[in-house]
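Dear colleague,

Please find below the structure that I am handing over to you. My notes on what was found in it follow directly after.

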Amino acid sequence: MDRPADSGSHETSSARGSNARPHVMACVGAVPFAARLVSEASSRAREQASAWVAAYVETPAHRDLPERERNGIEQALLLARYLGAETVRLSGDSVAGELIAYAREHGVTEILVGEARHSHLRGFLGSSIVHNL
């Protein structure tokens, strides 16, 4: 079963200093619960009266994603815009690296990511984004 990695939220230090308002980032990916993750980020931002952003990182593998997964990403980004998020597309070889760099540069204080339950096996076979963050 897939789940949003609420426990995988990651707090970062703000580049704007400790008095900065919170800034939430939802990391959108090709997961079936991306819309739930976006909704959770919207709720957290509203509770904290903070700005929020939905980010997607295009890697070289993006072009190999099935059309259904690419459409899911687009739908999640559209939902985020509708719910008041700034949306960004980043590109690079390292999803985690691009997200951390963006978070530091823009004063993000909370990162929400989702991970498919089966991806725990990735810890043995490769790296997961949640683990790398």
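A residue is called buried when its relative accessible area is under 20%, exposed when that area is over 50%, and partly exposed in between. With these words in hand, we may begin with helix α2, where I73, A76, L77 and A80 are buried. Seen down the axis of α2, these buried residues fall within an arc of 95°, so they line one face of the helix. The face turned away from that buried side carries the exposed residues E67, R68, Q75 and Y82. The cover over the buried residues of α2 includes α1, β3 and β4.

Please keep in mind throughout that this is a predicted model.

**The chain as a whole**

The protein chain holds five helices and five strands. Read from the N terminus, the elements follow the order β-β-α-β-α-β-α-β-α-α. Of the 133 residues in the chain, 41% are buried. The accessible surface comes to about 7,600 Å², and 50% of this belongs to carbon and sulfur atoms. Among contacts between residues at least 6 apart in sequence, 79% join residues at least 24 apart.

**Confidence in the model**

The chain has an average pLDDT of 78, and 69% of the residues score at least 70. Where is confidence lowest, and where is it highest? Strand β1 (residues 2-11) has the lowest mean, 38, whereas β4 has the highest, 96. Over residues 1-19 the pLDDT stays under 50, and the model has 47 contacts for them beyond four places in sequence. Residues 119-127 also stay under 50, and for these the model has six such contacts beyond four places in sequence.

The 16 residues of α2 should span 22 Å by the 1.5 Å rule, and its end C-alpha atoms are 22 Å apart, which agrees.

Which residues of α1 are buried? They are A34, L37, V38, A41, S42, R44 and A45. These residues cover an arc of only 165° around the axis, which puts them on the same side of α1. On the other side of α1, R46 and E47 are exposed.

The residues that follow these helices may also interest you. After α1 comes A49, whose phi is positive, near 50°. Just after α2, G84 has a positive phi of about 100°.

**The nonpolar cores**

The largest nonpolar core has 18 residues, and of these V28 and W52 touch the most other members. At least two residues of this core come from each of β2 (23-27), α1, β3 (51-58) and α2 (67-82). The largest share, five residues, is supplied by α1. Leaving aside residues up to four places away in sequence, V28 touches V38, A54, A55, Y56, I73, A76 and L77. Apart from this core lies another, of 15 residues, with V88, L99, I111 and V113 among them.

S43 is found in helix α1. Is S43 buried, partly exposed or exposed? Its relative accessible area is 23%, so S43 is partly exposed. The C-alpha atoms of S43 and L83 are separated by 9.4 Å, although the two residues are 40 residues apart along the chain.

S91 has its place in strand β4. Why is S91 called exposed? The reason is its relative accessible area of 54%, since exposed residues are those over 50%. S91 and E58 are 33 residues apart in sequence, yet they are 4.6 Å apart in space from C-alpha to C-alpha. Not counting residues up to four places away in sequence, S91 touches V57, E58 and E98.

You could then turn to V28, which touches I73, A76 and L77 among others.

With kind regards

Notes
Residues numbered from 1 in each chain as written. Predicted model: local features only at pLDDT ≥ 70, side-chain atom pairs only at ≥ 80, totals over all residues. Heavy atoms only, no water. Buried < 20%, exposed > 50% of the residue type's maximum accessible area, 1.4 Å probe, protein only. Helix = DSSP H or I, 4+ residues; strand = E, 2+ residues; numbered from the N terminus. Arc of directions from axis to C-beta. Core = buried A, V, L, I, M, F, W, Y, C linked by side-chain atoms within 4.5 Å. Contact = heavy atoms within 4.5 Å. Expected span 1.5 Å × (residues − 1). pLDDT = per-residue confidence, 0-100. Areas by Shrake-Rupley, 256 points an atom, 1.4 Å probe, with all protein chains shown as cover.
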